[in-house]
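I am opening a notebook on a structure that I have not looked at before. The entries follow the order in which I looked things up.

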Amino acid sequence: MESATALRSPFGTCIKPSNRTDFGGYRNRCVAFTTVLNKQGFPSFSHPRVGLKSVSFQSQKKRNVIRASLSFDSTGPTAPIAPLQLESPIGQFLSQILISHPHLVSAAVDQQLEQLQTDRDAEKQNEEPSAASTDLVLYKRIAEVKANERKKALEEILYALLVQKFMDANVSLIPSVTRSPPTWPSQDDKLELLHSPEALEMIQSHLALILGNRVDDLTSVAEISKLRVGQVYAASVMYGYFLKRVDQRFQLEKTTRILPEGLDRENSNIQQQAAGDERVPQTHPEVTSWAELPKSEPALKSSRLKNYVMSFDGESLQRYATIRSKEAVNIIEKHTEALFGRPEIVITPDGRVDSSKDEAIKISFGGLRRLVLEAVTFGSFLWDVESYVDSRYHFVAS
């Protein structure tokens with residue numbers, strides 16, 4: 001699987017393959033949010049409806065069987081627990097397990113990954129037809145269809161594990177973003193507790209860059225471009241992914257006491273470099289769209305983790321800013337579109353983005369803060385589940 005680097009553009013999120021270290025040789029693939037719309041006919045992450053059904057699956061290597069009786073409520077579904085609907089048979093199965101027996105999700109995922117590995121190994125052992133005939137074309141087409149099915153199942157396994165992590169933390173994912181002001185429950189404290197103190201300092205700086213002098217204003221409501229809010233959400237997911245990746249290394253080096261010297265010094269060379277380094281954004285590109293910045297913007301508080309990141313060389317920084325798998329990129333795209341909907345935008349002949357049909361939404365700055373905190377946590381969890389699944393079913397590029 002190719003890895004992909006997530007970048008920002010005035011339009012949206014740009015994804016570049018990162019098999020090389022230079023950026024010049026690739027053409028950006030820009031996406032507003034995601035590529036797949038919700039479809040009817042597939043169960044969403046909500047409480048199921050009428051009936052009682054028993055489902056089971058069994059691995060070929062192990063004879064233990066997991067069975068789950070799916071209880072349904074005749075009064076109809078309640079509020080969904082995640083915005084994205086899963087479509088593959090494995091995804092539908094895991095979405096039902098998440099509702100009825102969430103404690104079985106990990107075991108179910110392990111067995112499904114084992115089956116995917118078995119299928120992939122069996123396909124590698126099959127001999128390709130030698131003759132250049134219709135049989136060869138058919139063989140390649142069947143192999144391509146099976147590979148795409150495994151890829152889709154893998155993405156939905158990752159997403160189900162993501163949802164489970166939010167459920168374990170007793171945090172409700174925002175189901176959708178609509179035009180009217182939202183009434184989401186305040187869960188900022190729960191979301192902040194899911195990060196280390198050092199990472200939380202950088203998250204607070206990220207919020208300050210986005211909200212400006214409205215960072216402590218939780219009640220005021222503003223009318224904001226839905227497209228731009230979606231861009232900020234997707235960028236915050238990728239920031240959370242990057243932050244968890246570097247924080248994991250930071251915590252390991254702190255525990256083993258091999259951190260670079262000078263991280264705690266107020267006037268260290270690293271801190272001075274961070275203050276003037278172009279790689280550290282001093283303003284967020286979307287801030288001026290809705291938040292009035294103070295005339296003399298105070299310098300953001302430096303942190304040990306930020307200084308640690310700034311001690312990386314350019315190649316290391318690029319590697320840590322890279323989303324490792326195409327599956328993770330697809331999850332970000334699909335989840336964001338499920339949350340915000342597909343934006344109506346047009347690329348003009350001269351290459352500009354015409355967003356005149358973009359919808360404006362009303363949202364409080366407290367609601368925007370909640371969105372960003374959820375997005376950063378989503379990215380952090382994405383790193384965790386990607387690493388977990390890769391340890392059992394290798395798919396991440398080295």
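Before reading any strand pairing, I note the rule: two strands pair if DSSP finds at least two bridges between them.

**Entry on the pairing of β6.** The model I am reading is predicted. I looked up strand β6, residues 221-225, and found five bridges joining it to strand β10, residues 360-364. The two strands run antiparallel. I then asked which residue of β10 stands opposite V221. I found S364 there.

**Entry on the faces of β6.** In a regular strand the side chains alternate between the two faces of the sheet. I checked β6 for this and found that its side chains do alternate. A222 and I224 point to one face and are buried.

**Entry on the whole protein.** I noted 11 helices and 10 strands in the protein. Of its 398 residues, 48% count as buried. I also looked up how far apart in sequence the contacting residues are. Among contacts with a separation of 6 or more, 78% are between residues 24 or more positions apart.

**Entry on confidence.** The mean pLDDT of the protein is 76, and 68% of the residues reach 70 or more. I then asked where pLDDT stays under 50. One such stretch is residues 1-44, for which the model has 132 contacts beyond four places in sequence. Another is residues 266-299, with 61 contacts beyond four places in sequence. Where pLDDT is low, the predicted coordinates should not be read in detail. I left both stretches at that.

**Entry on α3 and α10.** I looked up how helix α3, residues 134-168, packs with helix α10, residues 326-340. The angle is about 65 degrees, and the axes are 10 Å apart. The crossing of α3 past α10 is right-handed. On the α3 side, I listed K151, K152, L154, E155, L158, Y159 and L162 as making the contact. On the α10 side, I listed K326, E327, N330, I331, K334 and H335. I sorted the residues of this contact by type and got five nonpolar, two polar and six charged.

**Entry on H206.** This residue, H206, lies in helix α5, residues 197-211. Is H206 buried or exposed? Its relative accessible area is 8%, and buried means under 20%, so I put H206 down as buried. I then looked up what H206 touches, leaving aside neighbours within four places in sequence. H206 is in contact with S236, Y239, V372 and V376.

Conventions: Residues numbered from 1 in each chain as written. Predicted model: local features only at pLDDT ≥ 70, side-chain atom pairs only at ≥ 80, totals over all residues. Heavy atoms only, no water. pLDDT = per-residue confidence, 0-100. Contact = heavy atoms within 4.5 Å. Axes fitted to C-alpha atoms, helices over the stretch in contact; angles between N-to-C directions. Helix = DSSP H or I, 4+ residues; strand = E, 2+ residues; numbered from the N terminus. Left-handed = near helix turned anticlockwise from the far one by under 90°. Nonpolar A, V, L, I, M, F, W, Y, C, P; charged D, E, K, R; others polar. Buried < 20%, exposed > 50% of the residue type's maximum accessible area, 1.4 Å probe, protein only.
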